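This report is written for a reader who meets the structure for the first time. Please keep the sequence and the model in view while reading.

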Amino acid sequence: EGLPTLPGRAPAPASGLPAPRDEPSSAAPSSAAPSSAAPAPLALHAEGQLARRAGAIEGDARLRLEGLWPHSLHLRLERLHAGARRVAVRHLRAQARGLRLTASGAYRPASNRLDADARLDHLDLARVGRLVDLPLAGSLEADARFDGPLSPDAGARASLTARGEQLRVAGVRVPSAGVALHQDGPVARLRAVATLPAGSVGLDAQGKALVGASVVAAPTRTYWRADVHAHRLDHAALAELLPGAPPLEGQSEVALQLAGELPLPAARLRWRARRARVVLPDTPVDPVDLALRAELDHDRLAATLESADRHGDLATLRARLPEALLRALAEAPAAGPTDAAGRPGAESPSAASPLTPHALLARLREHPWELELLVAPRRLDRLPAPLDPGLPPSAPDATLGGELRVGRRPGEPLTLRAVARGDLAPMLASDARCAPGGDTHARVVAHLRDPGGPTLDRLDAEAKLAITA
């Protein structure tokens, strides 16, 4: 189900309207520079044939506006009707250099009802940029329809579709973009897609929170959902949009799903990067593949980040954090000056609860959470740069892997557990206990007991080291 295809542009303007002279396309970057010229004074020139019939004014009119648009704006109103029961226009045409618009509609004051539709055949965004002093370029087409009462809780129906070509916004080039918005009563749906030099980005959202009138109509249950997706995002092009960012390589795919009631809907994120690499001038960096899966389900966040390269899996990082801990960390004020013990100093503006190391530790003691890092067994000479330790050729078969877990389970103290495994015999050949092909294990388990004071003044630790030949 794609975005609605807009019909072709309108033919030559209707009779009675002067045709604007042809000008170069606004898609050229040179036309996007905002103009510093002072705007012309607003002036209105009108002529028409109007008559009063049965208590209403009817007829046709022609208007010419100066100062509202960079060039003269010509309007023609056909079969205009203005009365106590209804205000309507059968045909409205607006035309100027860089602008062509047709519309019709009727408004009934007694029921506060509006029935209207409009079509924008062409809008030169470079001229819009001159009006608002923004560097814009490109062309835009749109269709709009509204049918129903203007009251926010009356269930009106509305739709808007728009498509832009060769757009440029603040120096960012957008070859094409499309938007479709449909509202049926309290529910609205928004779909958008944009093609960028770095890839394509899309949005599909539906719910009561999309349109302001819908939020007013149902403030207690603002259920909504949204799907955001991005394909073939080129890292090199993205880096050019980030000032100060180092050169990047690789491509990414992103999928984000949101569903639920505001302000904290459930969320699911999927991100995959292929051959991602940071280009550093003096440090070799090998490309890696990354995959992120994250889910926020009302009261907890679970995330997994996996990495791999051409030799296989590298490491996996898992995190499980409760929503209460995330909120406590987000709401904590920034840390100010502290004393030698890490407590806030007298000059700290947030001395009540700053996010000092002590305050962070206190929050980690209050909520259950867990971080886990798993490092796949790997020959040390096959670690990607810059992690490659540069072993001598005499020790090519040394391997190392392990795991690290830190967190707090309900009813238990903060716990750290680290395990390292590997075959280090090639590196320890001088040790009589380590024959070639041996296996070296190291295990460290540490428990941090909460003493209830401002600092950790007690540490219970247990460490085991096993070396087998």
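Does Arg275 count as buried or exposed? The model is a predicted one, and in it Arg275 has a relative accessibility of 57%. The cut-off for an exposed residue is over 50%, so Arg275 counts as exposed.

Arg275 belongs to strand S14. Its phi is near 50°, which is a positive value in a residue other than glycine.

## The chain as a whole

The chain contains 5 helices and 22 strands. It has 469 residues, of which 29% are buried. Its accessible surface amounts to about 27300 Å², and carbon and sulfur atoms account for 58% of that area.

Contacts between residues at least 6 apart in sequence were also examined. Of these, 44% join residues at least 24 apart.

## Backbone features

Most residues other than glycine have a negative phi, and most peptide bonds are trans. Asp133 is not a glycine, yet its phi is positive, at about 60°. Asp133 is found in the loop that runs between helix H1 (125–132) and strand S7 (136–149). With a relative accessible area of 51%, Asp133 is exposed.

A cis peptide bond leads from Ala385 to Pro386, with omega near 10°. Pro386 sits in the loop between S18 and S19.

Arg62 is part of strand S2 (residues 56–66) and counts as partly exposed, at 38% relative accessibility. The C-alpha atoms of Arg62 and Leu77 are 6.3 Å apart, while the two residues are 15 apart in sequence.

## Salt bridges

Side chains of opposite charge can pair when their charged atoms come close. In this model there are 27 salt bridges. One of them joins the side chains of Asp143 and Arg119, at 2.7 Å from N to O. This pair connects distant parts of the chain, since Asp143 is in strand S7 and Arg119 in strand S6 (residues 113–124), 24 residues apart. Asp143 counts as partly exposed at 21% relative accessibility, whereas Arg119 counts as buried at 13%.

Another salt bridge is formed by Asp204 and Arg189, whose closest N and O atoms are 2.9 Å apart. Asp204 is in strand S11 (residues 199–207) and Arg189 in strand S10 (residues 187–196), so this pair ties together parts 15 residues apart in sequence. Asp204 is buried, with a relative accessible area of 12%, and Arg189 is partly exposed, with 23%.

Asp309 and Arg378 also meet through their side chains in a salt bridge, at 3.0 Å from N to O. Here the link is between distant parts of the chain, with Asp309 in strand S16 and Arg378 in strand S18, 69 residues apart. Both Asp309 and Arg378 are buried.

Which residues does Thr316 contact, leaving aside its neighbours within four places in sequence? They are Thr304, Leu305, Glu306, Glu372, Leu373 and Leu374. Thr316 itself lies in strand S17 (residues 312–322). It is buried, because its relative accessible area of 16% falls under the 20% cut-off.

Leu305 and Leu373 also take part in a nonpolar surface patch, together with Leu317, Val375, Leu404 and Leu416. The accessible area of these residues together is about 410 Å². Leu416 is in strand S20 (residues 414–423) and is partly exposed, with a relative accessible area of 35%.

## The largest pocket

The largest pocket holds about 490 Å³ of space. It is lined by 29 residues, and those closest to its centre are Leu314, Ala315, Val375, Leu383 and Leu387. Val375 is also one of the residues of the nonpolar patch.

Several strands each supply at least two residues of this lining: strand S14 (266–278), strand S16 (300–309), S17, strand S18 (369–379) and strand S19 (399–408). Which strand gives the most to the lining of the largest pocket? That strand is S19, with 5 residues.

Notes. Residues numbered from 1 in each chain as written. Predicted model: local features only at pLDDT ≥ 70, side-chain atom pairs only at ≥ 80, totals over all residues. Heavy atoms only, no water. Helix = DSSP H or I, 4+ residues; strand = E, 2+ residues; numbered from the N terminus. Buried < 20%, exposed > 50% of the residue type's maximum accessible area, 1.4 Å probe, protein only. Contact = heavy atoms within 4.5 Å. Patch = residues over 30% accessible without salt bridge, like charges linked within 9 Å, V, L, I, M, F, W, Y side chains within 5 Å. Areas by Shrake-Rupley, 256 points an atom, 1.4 Å probe, with all protein chains shown as cover. Salt bridge = Lys/Arg side-chain N within 4 Å of Asp/Glu carboxyl O. 1 Å grid on protein atoms, 1.4 Å probe; cavity = no way out; pocket = protein on both sides within 12 Å on 5 of 7 lines; lining within 4 Å. Points joined across faces, edges and corners; volume = space filled by probe spheres on them.
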